[in-house]
Amino acid sequence: MAISVKDIQEKEFGTQATGGYNIEQVDDFLDEISEQMAALVRENIELNRQIKTLEADVLTARKQAEAAEARTPDYNEKGYFQNLQNAMRESLIGAQRIADETTEEANRKAQKTVSDAQAQADQITVSARDKANALVSKAQEEADAISAEAKTRVDTLQARYDALKASAAAYKEEFSRLLDSQANALRESNGLF
């Protein structure tokens, strides 16, 4: 499907939350491409107009030659008409050749412009992809570092928790032993009073 100037001007790209294309650069690039394509379209229209003018001139020249030939039926010099016919034929061939060369040149320029634009678009795409990959790698590295730090903290807190739990159990056991010894002491001292 052929891309028109309007398609380029109205083209929108999606973006991602963590990166993506630089919208201003993409818009500037699309504006540049649309200007170049618009210039090529104008040039192509002008060349087509010139071709039509040349074709009209050729047609007019043919009609004039036919009219001239029709007006001089009594002229008997056969070489004159042959020379005139050859001159007209050469003029027509020359005009057709110029029209063909003009069309070919316009097509070459248009194809070169489109090729250059495609190369620039490919280069921008590769650059954007490389930047996106770099951003993803950097984000992954940061996420890995945060995850490692969080694991270290969790391990530290778990060790502290285990130490406190062991300390609480030891304290409970010691307190229980103290209570038992105090209860025994009270029982033994009941006999004294």
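**The negative patch**

Author: Let's start with confidence: the mean pLDDT of the protein chain is 83, and 89% of its residues reach 70 or more; pLDDT is the predictor's confidence in each residue, from 0 to 100. This is a predicted model, where local features need pLDDT of at least 70 and side-chain atom pairs count only at 80 or more, while totals for chains, interfaces and linings use all residues. Residues are numbered from 1 along each chain as its sequence is written, and side-chain values use heavy atoms, leaving out hydrogens and water.

The chain has 3 helices and 0 strands; helices (H or I, at least four residues) and strands (E, at least two) are DSSP runs, numbered from the N terminus.

Now the patch: Asp-7, Glu-10, Glu-12, Glu-24, Asp-27, Asp-28, Asp-31, Glu-32 and Glu-35 gather there on the surface. Helix 1 (5-10) and helix 2 (23-71) each give two or more residues to this negative patch, and helix 2 provides the largest share, 6 residues.

One member to look at is Glu-35, which lies in helix 2. Glu-35 counts as exposed because its relative accessibility is 56%; exposed means over 50%, buried under 20%, and partly exposed in between (1.4 Å probe, protein chains only).

A word of care about helix 1: confidence in the chain is lowest there, at a mean of 75.

Technical notes. Patches are made of residues with over 30% relative accessible area and no salt bridge: like charges are joined within 9 Å, nonpolar side chains (Val, Leu, Ile, Met, Phe, Trp, Tyr) within 5 Å. Accessible areas come from the Shrake-Rupley method with a 1.4 Å probe; for residues, only the protein chains shown count as cover. A salt bridge is a side-chain nitrogen of Lys or Arg within 4 Å of a carboxyl oxygen of Asp or Glu. Lys and Arg count as positive and Asp and Glu as negative; His and the chain ends are not counted. The place of a charge is taken as NZ of Lys, CZ of Arg, CG of Asp or CD of Glu.
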